[in-house]
Amino acid sequence: MTAGAFRSHVTLVLCTILHAFTHAYGTLLVPLYLLMVVDLKLTGVAQATMLVTIYGTVYMLLSYFAGVLADRHDRRLLLGIGLIGNAIAIVLMGFTKHYELLVALSVIAGLCGTLFHPAANALVPAHYPKSPGMAIGMLGIGSGIGFWAGPQYAGWRAQSATWQLGDVADWQRPCVELGVAGLIVGIIFILVAREAKGYAPKATATPLGRALRWRCVGIAAALSLREFAGISTVTLASVYLQKALLRSPKETGFILGTMMLIAVVVNPILVYVTSGPRRIVSCVVIMLTGGLVVTTVPHVAPAYILPVLMFYYAFQLGSSAVNDAAMLERVAPEFRGRFVGLFLTIAGTGGGVGPWIMGTWTDSFGPAASDRAAYYAPFITVGICQALAALAVPLIAALGNPISGGEIEPITEVTPRTMGVVG
């Protein structure tokens with residue numbers, strides 16, 4: 001292994017870890033909603049879900065500006081600063097009981113978190129110019145780890161942590177602990193990760209162009225339905241598990257985390273096996289199947305709820321990895337930061353309102369929230385949104401042929417034909 005290859009692999013691993021922290025912070029509060037309602041004396045679950053909605057909305061709404069930064073500046077530094085700022089905001093959430101301050105900290109966390117995807121989705125493919133799609137698939141492992149660790153850790157530590165510091169409540173202890181961990185990782189990232197060889201920050205960037213910009217807008221508008229489905233289902237499942245199935249925060253956190261851990265395996269495998277012309281067709285099949293599966297959740301016996309949710313997120317998160325790979329391998333490197341930023345600004349903002357919508361919807365159930373039948377309509381709604389997102393696939397295909405000129409073996413940059421290292 002050359003020194004350059006080693007540097008690329010280390011940077012990819014570190015970016016994957018940052019990916020995990022980014023999504024862990026976004027889902028940390030989900031199994032804690034009911035504890036927060038009691039401790040903060042909120043009027044309902046909708047107020048608790050609003051904090052996650054604000055984080056996600058700010059995170060996505062400003063993504064295009066983060067993309068501009070990613071195409072002009074040191075992406076390694078942007079990623080490190082983003083995680084450190086995000087982590088500090090999460091730590092501070094663990095030390096306040098003022099709802100207004102929690103709202104402000106959610107905004108700050110979103111501002112810092114928004115730096116991740118545009119910068120990482122530009123930096124990682126730049127380290128693997130012969131296999132940008134596969135590099136994105138490997139980066140996707142971090143989403144599975146983060147989506148698993150956030151709710152799993154939060155539910156576990158909210159019930160098991162016993163340390164005392166001031167009037168920190170049970171739901172706040174995991175915020176402090178995971179926030180401190182992210183702060184340490186962010187510092188390590190800045191010190192160890194490296195920019196791609198030959199990359200030099202520039203004051204200006206080549207314009208996206210009218211055609212590429214509008215294709216991105218169309219793709220994002222369609223895939224906002226997928227984002228809405230995936231994000232909404234996390235909150236919907238949390239409320240369903242605790243109110244209809246009477247699961248504890250610890251049990252809910254375990255289920256919510258484990259159901260998305262499948263992405264650790266599914267994301268890179270799906271990207272790898274759908275290489276070449278199979279990728280476009282696979283995008284449609286994966287999203288339609290996921291939409292069908294999620295509608296069955298309130299109909300299955302409680303004992304089988306976890307396998308069904310895992311099956312859904314195998315397709316939901318897998319579709320994100322495959323779609324991202326299909327898009328970015330068709331977009332030139334100098335445009336990737338802004339393309340991802342514009343995409344997330346539209347698609348992510350549309351999906352980011354999901355927690356609040358589902359919190360408000362389930363609050364409206366009143367006493368019926370304990371009845372599984374009350375959840376049929378919400379789960380059918382997210383299933384329809386997931387399926388309709390397949391409308392984005394023809395627009396992705398319209399971006400053109402993949403720039404890489406052929407898929408490469410994962411990580412090693414070794415061509416299947418020659419089994420030799422690509423220069």
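Is L40 buried or exposed? L40 is buried, with a relative accessible area of 13%; buried means under 20%, exposed over 50%, and partly exposed in between, with a 1.4 Å probe and protein chains only.

Before going on, some ground rules. This is a predicted model, in which local features need pLDDT of at least 70 and side-chain atom pairs count only at pLDDT 80 or more, while totals for chains, interfaces and linings use all residues. Residues are numbered from 1 along each chain as its sequence is written, and side-chain values use heavy atoms, with hydrogens and water left out.

Now the overall picture. The protein has 19 helices and zero strands. Helices here are DSSP runs of H or I with at least four residues, strands are runs of E with at least two, and both are numbered from the N terminus. The C-alpha trace spans about 60 × 45 × 40 Å along its principal axes. For 423 residues, a compact globule would have a radius of gyration near 22 Å, and the 21 Å of the protein agrees with that. That radius is taken over C-alpha atoms, and the globule rule is 2.2 Å times the number of residues to the power 0.38. Of the 423 residues, 61% are buried. Among contacts with a separation of 6 or more, 85% are between residues 24 or more positions apart; contact means heavy atoms within 4.5 Å.

Back to L40. It lies in helix α2, residues 33-40. Setting aside neighbours within four places in sequence, L40 is in contact with K97, L102 and W171. Y375 is 335 residues from L40 along the chain, and the two C-alpha atoms are separated by 26 Å.

Next, helix α13, residues 263-273, and its packing against α15, residues 305-328. Their axes are 9 Å apart, at an angle of about 40 degrees. Axes are lines fitted to C-alpha atoms, for helices over the stretch in contact, and angles run from 0 to 180 degrees between N-to-C directions. The two helices are therefore oblique to each other: under 35 degrees counts as roughly parallel, over 145 as roughly antiparallel, 65 to 115 as roughly perpendicular, and the rest as oblique. From α13 the contact uses A263, V266, N267, L270 and V271, and from α15 it uses A314, L317, G318, A321, V322 and A325. By class that is nine nonpolar, two polar and no charged residues. Nonpolar covers Ala, Val, Leu, Ile, Met, Phe, Trp, Tyr, Cys and Pro; charged covers Asp, Glu, Lys and Arg; the others, Gly among them, are polar.

What about α8, residues 132-139? The axes of α8 and α13 come within 7 Å and cross at roughly 160 degrees, which makes α8 roughly antiparallel to α13. On the α8 side the contact is made by G133, M134, G137 and M138, and on the α13 side by N267, P268, V271 and Y272. The classes here are five nonpolar, three polar and no charged residues.

N323 is in helix α15 and is buried, at 0% relative accessible area. Not counting residues up to four places away in sequence, N323 touches L223, R226, C283, M287 and I396. R338 lies in helix α16, residues 336-352, and counts as buried at 6% relative accessibility. R338 and A122 are 216 residues apart in sequence, with 8.9 Å between their C-alpha atoms.
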